[in-house]
Structure formats: structure tokens, C-alpha cells
Amino acid sequence: MKTNRVLIIDFGGQYNQLIARRVRECGVYSQLKSFDGLQLSEVEEFGPSGIIFTGGPRSVYGEGAPTVPDGIFRLGVPILGICYGAQLMAHKLGGVIESAPTSEYGRTEVVIDDRKGLLQAAEPVNVCWMSHTDYISRPPEGFTVTAHTDDCPVAGMEDPRRKLYAVQFHPEVDHTEHGSEFLRRFVLDICGCRQDWKMDSFAEDQIALIREKVGGGKVLLALSGGVDSSVAAALLSRAIGTQLTCVFVDHGLLRKNEAQQVADIFGPAGQFDLNFILVDAAQRYYQKLAGVTEPEAKRKVIGEEFIRVFEEEAKKIGRVEYLAQGTIYPDVIESGLGSSAVIKSHHNVGGLPDHVDFREIIEPLRMLFKDEVRQLGRELGLPEELVSRQPFPGPGLGVRIIGEVTEEKVRVVQDADAIYREEIAAAGLAGSISQYFAALTNMQTVGVMGDFRTYDYAIALRAVKTSDFMTATAAEIPWDVLQKVCTRIVNEVDHVNRVFYDLTSKPPGTVELE
């Protein structure tokens, strides 16, 4: 088996990306694989130094419940079960799982009974994050109970002889005290992994792989000017130089003046030695989106049109064998991993349609989280103002306009967003907010402006703080700043008479409104 990688088997839990992220924070590569259809041979081929079973919404004793391949416990690889994963481990090895008399949700005091193993860093009573309705009422033979609560007799259990560990709580979330240390203990001490997941070595490996794959062929990159596609461009440029052509599509759904900014940075007068093509496709997109209101349908339309535009440009410049994209790992996971739920479709995920002319997609960032992409950008020498740029969705303002997208609505949200950004920057808040933007709601409300009744659009302001974009909380913007933003938007943006501030965290919401 290979070494120094952790396999995370995904049972559809809401925090599964966080588990992968926490392992990588230990300097160790991790990868999520869906339980659905997973074969023991795939696990062996992956060659993990350790395996983690994630949480999930099902009951292990229910019909058709997610499970793991037979024989996985005989591989001799350390395994950690979390929440559903802990219950599944107990269930498969002869323990008893029952519906809990009292469900546990949120912050819970966990009494630590044994701190010699996985839970070395714990306090005698450790505050942990719980989210379960079933519980382990009797552990399997050979296991020692390492933690409990007033309502959960087995909040932790271990069988060190077989290298099996389980916790009912979620160590991956920030709310669990010492949670990151528990995972670090598992990955580094119990699994014996080395900390060799670093961006400098990643860049070297990817450059070599790209050169080997592309050979003398040509690559067409979908360049949006955002962090992901820009880092992909820098990496590809380092690997293959002038074999790379970058196409920037102005789909009419960008932030105010953004098309010109992208052209200034990446065009002939910019700092990158790239073949740069600007395509003005705004009217084409507005026509395609006419009458489309459902969020997933809009994403599909925008994504399909991206492919069509790139295919057309490729034909103009001659034979191009490869289409490159700035797809990153959260895009892949949110678009559905195995039978896991689709959170939202990403236009750059899902492979090539049968009728497309490119031979293959190249996605050099596909296994990286956003902060890892930023680290890679710095390694490649990209300017900090570009590397630190806020995320912007591939469908652009198409998912910041609720309902049908029109040219008028785009102008409204562009102007409102520009005012919001100006005032956030003027207040010195830009560096403390992970992402902020204005969106256009699908409602019109009655207002009074001067002596006249109005019936115009309502703008929603969004601002969140997050470390990884897997979870997020609404930013606390001072009231006077919000008042100034509201006043300016209502006074300066035509057809807007009301402004809301979105307080929703992620979960239950997402960062974007659609």
C-alpha cells in the first residue's frame, strides 16, 4: 500500500468537507470517497495510512442504510468513526445501536473516561458538538468506553489492538474543544503519517504531470479572473508556456467594471505572458436566460453556454486538445459525491458533454480547498491583491439575482454591490469579512420617495466570516455603516426602494443566495 494519505468515507453528513480540511491542516493529504458502490479493492488501491468514517443522516439499522465494504476492518489500517461512522463501526462489529431516549444537538458536556488514547488532549469534561438521534447502547466486544454524557453511554470508544476508534461527537467543528487535536492525534500519532502535504511540492508535481499529459498539445483555459482560474493559469503557464490560451468570457454577469479589470491584468499590457482572448457574450447570455427562474436551471444554462463559447473559440484558434478549468474540491463535493446530496451544481463540474470537441479536461486544482489554492498562488508568485480576492461564483450575478435574469436587473445589482463595497472599504472592514456582496431579491415592495408612491426592487446585503467556506456566520457590521449603505443604494440606484441584511449562517443557508 501507498502511505501518507487518509481516506474519508462519506456517508452524506453536513460536515464531511471539514473532516478532509482538518486532516490537510495536519500536513497530510486526505480525500473523500462516497460509500455508494465503494469496493474493498478501491480502498486497497488508494492505499490509506488511515480511514475515517463520516457522519450521516441515516440510521445504521434502517433498510438500505449506508455501509462499508466487507473486510475493511481486517486491513489493519487505523479507522476512526465519527457520529454515524461510530455507530456503523459498532453495528458492523457486534455492538448495539438504538434510538436514543434523548437526542443530543449542539454544545454538549462530554465526560472523558480514558485520556490515554485518541482523547489525550481532552479536559476531564470536554465541551463537544453533538448531532444525533441514535446512540451506541452497547459497544462491541474488545472496545473500551472512553467518554460518555448524561444521555449517551458511549460518546467515545476504542480498541487499540485493532486500531479502531470512534466518537459520537464531531471533532471537526470549531465548537468541539480540542477537536482538531483529537484528529491530529489520530492522523499523526495513531496512523503515523508524515506532514508532507505542502504547496511547493504540489506545484512541482502538478507541473510535471501537466507536461506529461499535454505533451505538445494546446490547452484552452476558462479564465474568469477569480482566484481559482488565475492560479490555474499561472500553474499551466509555468508548465506549458505558450501552448496555453486563456479565454475570458464577459457574460454580462460580472461585478461593476470587472471585465475591464480582468483585461487590464491578463491582457497584452498585463503582467502575465499569456495568449488572452476577450469574448463579449453578454447579450447571448441574456437571451439564453430569458424566462429561466429556477436556480439549478440557471446554473445549467450558464455552464452549458460556457462550454459552447469555449468550443467556438477553440475552433477559431485551431486544434486544441484540452480544456482547462479552475475546479476546486468544494465544487466537486457540493455538486454531489456518489449518492450524496447535491448542494448546488457548479458549471465546471461533471466532465465533458458527448458532443464537445476537446479530448479531455485538465483540472489541476481539483483536489484543493480554497485556502490551499491561495497558498499555491503565492508559491507561483501571483500578486497578493489577486490571491486574496474574494470568491465570485462561476455563474456570476446569475445566482445573485433571484428569479429571472435581465439586463436591467444586472445593472441594479452591479450598482448596489459597488456602493456596498465602497462603504465597507471606507469603514476599514474589508480585511475582516471573508465575503460580502449585494444581491437582488425576487420581490418588489411599496415605498414612498418624495411625495410619490413607489413599487420597486428590494436589495439583500450579505456578509460572512469563515475560515474554509464550509461553515460561515453573518458578519456583525456596525449599524451606522449599514445605514449609510442603505441610504446610498436607495438614493443612487434606480428602481430600488428597500434594503435588507441577511443574518443567516451556513448551514442552514449557503454563502450565495442561490
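Is A475 buried or exposed? I looked it up: A475 is buried, at a relative accessible area of 4%. For that label I use under 20% relative accessible area as buried, over 50% as exposed and anything in between as partly exposed, with a 1.4 Å probe and protein chains only.

Ground rules, before I go on. This is a predicted model, so I note that local features need pLDDT of at least 70 and side-chain atom pairs count only at pLDDT 80 or more, while totals for chains, interfaces and linings use all residues. Residues are numbered from 1 along each chain as its sequence is written, and side-chain values use heavy atoms, with hydrogens and water left out.

**A475**

I found A475 in the loop between β17 (473–474) and α14 (479–492). My helices (H or I, at least four residues) and strands (E, at least two) are DSSP runs, numbered from the N terminus. Leaving aside neighbours within four places in sequence, A475 is in contact with I433, A463, V464, K465 and Y501; contact means heavy atoms within 4.5 Å. I also checked A475 against Q260: they sit 215 residues apart along the chain, and 30 Å separates their C-alpha atoms.

**E305**

Next I went to E305, in helix α9 (residues 295–316). E305 counts as buried, with 5% relative accessibility.

I picked up two cis peptide bonds. One joins K506 and P507, with omega about -15°; the other runs from P507 to P508, with omega near 15°. P507 lies in the segment after β18 (496–501), and I place P508 in the segment after β18 too.

C83 has phi near 55° and sits in the loop between β4 (79–82) and α3 (84–92). N257 has phi of about 65°, in the loop between β11 (244–250) and α7 (258–266). C83 is buried at 5% relative accessible area, whereas N257 is exposed at 54%.

**Largest pocket**

Which residues lie nearest the centre of the largest pocket? I noted W197, F202, D205, Q206 and L209, out of 21 lining residues. A pocket here is an open set of points on a 1 Å grid over the protein atoms alone, where a 1.4 Å probe fits, with protein on both sides within 12 Å along at least five of seven lines; lining residues have an atom within 4 Å of a point. I read off about 680 Å³ of space in the largest pocket, the volume being the space filled by probe spheres set on the points, which are joined across faces, edges and corners. Helix α5 (residues 199–214) gives the most to the lining, with seven residues.

**Cores**

The largest nonpolar core has 71 residues, and I9, I51, F53, L365 and L376 have the most contacts inside it. A nonpolar core is a set of buried Ala, Val, Leu, Ile, Met, Phe, Trp, Tyr and Cys residues joined through side-chain atoms within 4.5 Å. Helix α6 (residues 227–240) gives the most to this core, with nine residues. Apart from this core I found another, of 50 residues, including I419, I477, V485 and I489. I followed up I51: leaving aside neighbours within four places in sequence, I51 is in contact with L7, I9, V43, I72, V77, P78, I79, L80 and F186.
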